[in-house]
Amino acid sequence: MLLELAGYPLRPTRQPGESLAGFVSRHFGTNGHWMPEALHRALSTLYRSEDASAREEAWELICSLTGQASLADRQIWVEERFTLPEAAPRRKGRHWQRAYSSKVCVCPHCLAEHGVHLAIWELPLVDVCPRHGGLLVHRCECGNELTWPGMGPDWTCRCGKPLSSLPSRPASGSLRQLAQVIAAASGRPFPCGSPSSAGRIATNLRQTYEALFWLQGLVALIAETSQNPMPPEPRPGRRVGYLLRDWPNGMAARIRRLLGLRHRHDRNSLVLLLDDTHPSKRLLNYLANTGALSSELPADLLQSVRAVVEHLRSPIGPAPTLIFNPALSISERQQRLTSLRDWWSDLRDRMEVEEAPTVAPSSPLLHLDSLDARFRMLLINVLVNAARTEISPQRFRRFAVVWPPARPLPANASPELFIQALDAQLRTVSSAHLQYLCELACHAAGVTRAAV
């Protein structure tokens, strides 16, 4: 029969930030006892069971034995249930989103300073002490894994070694960043004060783990589509922690830098037409569909990934199929568009103009996977490069003569409207005429198709 904690001669007070399992273990240890197996099973059920009624029964048993019912514990373990997504399909790849109940993780430095087991050490993905930056220890030097049933009095292993004397290896800064983000979202205090809310990436633990799962997918996609593919992380770790620095602007800047590096050899191209298998297209699709993947993601994350896609959106087609070259800055893009508009004015005198201007050509439905779309982008990039490198318009005389009769392109329009009008005129010509224009433009510019 289990005896209530109040019936023991020594009744320690629960400390701020102390875990529920740690408090119960410390209470029995202070009185020279091991934690009873029945109480350990109740804690395990509370932490890990998917059965709501079983969790409620375990909670009632623990409350009756401890003589106290912590509202914070009830919220985090019974009501909020951040540890498991509700629907089975969402659990795929989220085996890590479960709390520790049997395995005990400790920071020897915190244990030596405060003598309590902290609640944040039970949370998924907290592998590092947010304060000291060392890896949490879950195994004694004797080889035994630390467990609650095997926890001796005064925080000792079965072999008698004090846990506070165990060595702790220093962790990487990104893993520490990950632990600090989770600790801040939990709201659980430290004995020496609460973690700073400045490190939060979401409003609560469930939303935080949702964001970390999304980042895990992003990191896996980047690793899969890189030139030197890396094995995916089975759980959010060092690579995800790296993206958490300067959240969320730091993540967006790193994605833009990655795309810029991937396309640094395409700097001669102003616009890029990406097919479905292109690594950048897959990455941008993941970003563009972020809102549809989960309704629980933080608003600043959604805003940040939308900004990445919008940053690359071109005026002549939808992203992420047709984008501005990520290797070019905004000022470089604007300069090239302006150069094209000004350079084009010297070709107007050689072009045939409709005597009775009709309605400006509207943009038909885009078929960006067609051959015509690729020839249009090729021609536009050739013309932009000719303007940028100041190739004489005289070399484009034959090109200007066979340009389709149409209303003159607006000379005083903004660079974005100018290239829209140019692209709209190209969509009105036949495939054969478009390919002929490309051949003439490449010959005048002194380049081949492969060089563009």
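Guide: Helices (runs of H or I, at least four residues) and strands (runs of E, at least two) are DSSP runs, numbered from the N terminus. The model is predicted, so local features need pLDDT of at least 70 and side-chain atom pairs count only at pLDDT 80 or more, while totals for chains, interfaces and linings use all residues. Residues are numbered from 1 along each chain as its sequence is written, and side-chain values use heavy atoms, with hydrogens and water left out.

Visitor: In which helix is Ser280 found?

Guide: Ser280 is buried, at a relative accessible area of 0%; buried means under 20%, exposed over 50% and partly exposed in between (1.4 Å probe, protein chains only). Contact means heavy atoms within 4.5 Å, and, neighbours within four places in sequence aside, Ser280 is in contact with Leu259, Arg262, His263 and Leu274. The helix that holds Ser280 spans residues 279-288 and is α10.

Visitor: How wide an arc do the buried residues of α3 cover around the axis?

Guide: The buried residues of α3 are Arg55, Ala58, Trp59, Ile62, Cys63, Leu65 and Thr66. The arc is that of the directions from the helix axis to the C-beta atoms. These residues lie on the same side of α3, because their arc is only 165°.

Visitor: Which helices are included in what covers the buried residues of α3?

Guide: The buried set in α3 includes Trp59 and Ile62. What covers the buried residues includes α1 (20-30), α2 (37-48) and α4 (71-79).

Visitor: How many disulfides does a search of the whole structure find?

Guide: A disulfide is a pair of cysteine sulfur atoms within 2.5 Å. Cys129, buried at 0% relative accessibility, is in no disulfide, since its nearest cysteine sulfur, that of Cys110, is 3.6 Å away. Cys442, buried at 6%, is also in none, with the sulfur of Cys438 nearest at 6.3 Å. The number of disulfides found is zero.

Visitor: How many residues apart in sequence are the parts that the pair of Asp127 and Arg235 ties together?

Guide: Side chains of opposite charge can pair when their charged atoms come close. A salt bridge is a side-chain nitrogen of Lys or Arg within 4 Å of a carboxyl oxygen of Asp or Glu, and the closest N and O atoms of Asp127 and Arg235 are 2.7 Å apart. Asp127 is partly exposed at 24%, as is Arg235 at 24%. Asp127 lies in the loop between α5 (108-114) and α6 (173-186) and Arg235 in the loop between α7 (205-225) and α8 (238-243), so the separation in sequence is 108 residues.

Visitor: What separates the closest N and O atoms in the salt bridge of Arg427 and Asp423?

Guide: Arg341 and Asp342 also form a salt bridge, at 3.4 Å, with Arg341 buried at 18% and Asp342 partly exposed at 42%. Arg427 and Asp423 are both buried. The distance between their closest N and O atoms is 2.3 Å.
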